[in-house]
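This report describes a protein model part by part. Look at the sequence and the structure first, then read on.

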Amino acid sequence: MVRLNHVVKIFDDQDNLEAAAVNDISLEIREGEFLTILGPSGCGKTTTLRMIAGFEKCTNGDIFIDNENVSDKAPYERQVNTVFQNYALFPHMNVYDNIAFALSIKKAPKREIEEKVSKLLKTVQLEGMENRMPDQLSGGQKQRVAIARAVINNPKVLLLDEPLGALDQKLRKQMQVELKHLQQKLGITFVFVTHDQEEALIMSDRICVMNNGSIEQFGTPDEIYERPKTRFVADFIGETNFFEGIIKERKENYSIMQMGSLDVATLNGVVYSEGTTLCFAIRPERLKLKASPTSDDCYIKAFYKERIYVGSVIKTVLTLNNGKQITISEASGDIFDINASKDIFVTWKSSQGVVIN
Amino acid sequence: MDLKIGKPPFTTRKVHKREFKGPFAVLSPVIVWMLIFFVVPIILIIIASFFNKGDLAGINYSSPTFNNYISFLDERYLKILFDSLAISLITTLICLFLGYPFAYFVAKTPKKYRALFLMMIILPFWTNSLIRTYAWIILLRTEGIINTYLMNLHIIKVPLSLLYNQGSVLLGMVYTMFPFMVLPLYSTLEKLDFSLLEAAQDLGAKPFDAFMRVTLPLTKSGILSGSLLVFVPTLGLFFIPDLMGGSKITLISNLIKNQFLSSRNWPFGSAISIIIILLMFGFMNLFTRLGGSKDKMEVM
């Protein structure tokens, strides 16, 4: 559907011409999927989106839409539409004219415009709002108008640039689900840009995690969450505990990693040679507190520091021998009694950790 | 339970009194100024326009008359009026077509350069416009700088008549009024959200369509206030046709000036002034209506 082939973007007015805003990205977007480009601000995700839309020219590389190289085409020649971060609704036009804009530019017959606009108004649940001006709409309504306006021309791809950023928490949650449903209903490929990892996990079919202009990892939400490939991904998405250390001893089926004065037996059947420096990531909810570990547990002794009540879960912060902190989250109904025993062990199953290079 | 309700720190009435006095105190110098130097003179002119001219000069208050207005309905005067309106209109249009791209360009340049470009527009204001008009004369006249150079370079044999025609009057008008067009245009263009143009292009509008459907309607208020700021004063600018138009060009502003200074017919001059003022009101009304009920006139 959309293919980015070694795309590079360097801005002319950049202070540092060496650092590319987007640095050699290759990416294939499948037809009908909900793809999220996720990353912190300044990672190049919006620039990538703007290059697909045609607002920015690639410094290098090519962009294909439906196997056609569109790198040199203007935005109005590309069959993609954008929902802008600030919606960019035309303030001098009412809801109807905003939505009808693309068709009236094409000089479509009035009947057709009317039909399509009223159908879309129904789809985005804005019936009866035709004559409102944009400044009379709430954030959520503006958002819907922006989406309706962008999809009226049946684009091959809909690009969404942090469209939920301006909404309050509750509306945001609601729109996340609505947007996902809308995408399924319309059957259009969505490319969604956000810095909100939770949003990305909830909505996407696949997530492309970007950092410093490069792709860190590209995969399904559970791949990204459960098996992060880089330290950045593990850290950026959800909460993670990192264990860093050097492989001290190589055994037949596992290795022993040394973290300071601690030895951690780990690593899901994968064997590393001695001396390798590794980072090992494990999610707080995969960790369990026990008074004494069982034989198949991996474990570290830890000292209680504090508990944080979050609601659905309770987080427990513990300190390790080497001074590092570790966070564990437990379901509210199932909490380890920290006063029950003298020693506390943080335990996990060897398959639950992920080794990161 | 023992509930104590304290007195509010001060009553609402006091607050109201304070609020009312403030604006009046601030405005009163302006009000007094306007009364003495604007309202009273206008009333005097209105009164003068309904009487006959005095024997030597001044006004003969013995018998009120409409003659001043009636005598304006003469073919010669009406022609001057239409010429003046035409020159004002053409000046406005030229300023608009030159000023819009310029203001657009300035609004799109990075912030640090904008001040420089705006300075280029504002700087000439620091010199008296009469002096700047004389500078044009030095450039344009038969033995002027342009003609001398062209002759020396053998591009022309006979000096061009660059001065004392309609063209030179237009040139002077456009030159003088240009900033009044650019500044309001700049202030609306600067506020224009350029992501709207991206949105328009994204939705299939070619740059020209995007301009016509988005930029133009959204900068209408700037166009209208700029046009008004050029059109109205141009109608009253008498020294430019005087200096650059020579004796051939008489505009309504010259006519009024002549009534007061050379012909010593103050009542007739007053009558023409009133007619012009009424015309201006008409135009202002028209312009505001063109701006739509929602957009108020935005002057800088």
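## Domains of chain A

In chain A, 6 residues of domain 1 are in contact with 4 residues of domain 2; two residues count as in contact if their C-beta atoms, placed from the backbone, lie within 7 Å. On the side of domain 1 of chain A that touches domain 2 of chain A, 2 residues are nonpolar, 1 is polar and 3 are charged. Here Ala, Val, Leu, Ile, Met, Phe, Trp, Tyr, Cys and Pro count as nonpolar, Asp, Glu, Lys and Arg as charged, and the others, Gly among them, as polar.

Domain 1 covers 2-236 and domain 2 covers 241-356 of chain A, with bounds from an automatic or database domain assignment. Their centres, taken over C-alpha atoms, are 39 Å apart.

## Source of the model

The model is predicted: local features need pLDDT of at least 70, side-chain atom pairs count only at pLDDT 80 or more, and totals for chains, interfaces and linings use all residues. Residues are numbered from 1 along each chain as its sequence is written, while chains are lettered from A and ligands numbered from 1 in the order in which they are written.

## A sheet in chain A

An open sheet of chain A holds 4 antiparallel strands in the order β2-β1-β4-β5. Helices (H or I, at least four residues) and strands (E, at least two) are DSSP runs, numbered from the N terminus, and two strands pair if DSSP finds at least two bridges between them. β2 (22-29) and β5 (68-69) of chain A are at the edges with a single partner strand each, so one side of each has no neighbour in the sheet.

Strand β1 (residues 2-9) of chain A is joined to β2(A) by 5 bridges. Within this pair, A:Val2 is opposite A:Ile29 of β2(A).

## Contact between the chains

Between the chains, 15 residues of chain B are in contact with 19 residues of chain A. On the chain B side, α8 (195-202) and α9 (207-218) each give two or more residues, and α8(B) has the largest share, 6 residues.

## Nonpolar cores

A nonpolar core is a set of buried Ala, Val, Leu, Ile, Met, Phe, Trp, Tyr and Cys residues joined through C-beta atoms within 7 Å. A residue is buried if 20 or more other C-beta atoms lie within 10 Å of its own, exposed if 12 or fewer, and partly exposed in between. The largest core has 97 residues, and A:Leu159 is one of those with the most contacts inside it. Another core, apart from it, has 40 residues, including B:Val182 and B:Ile223.
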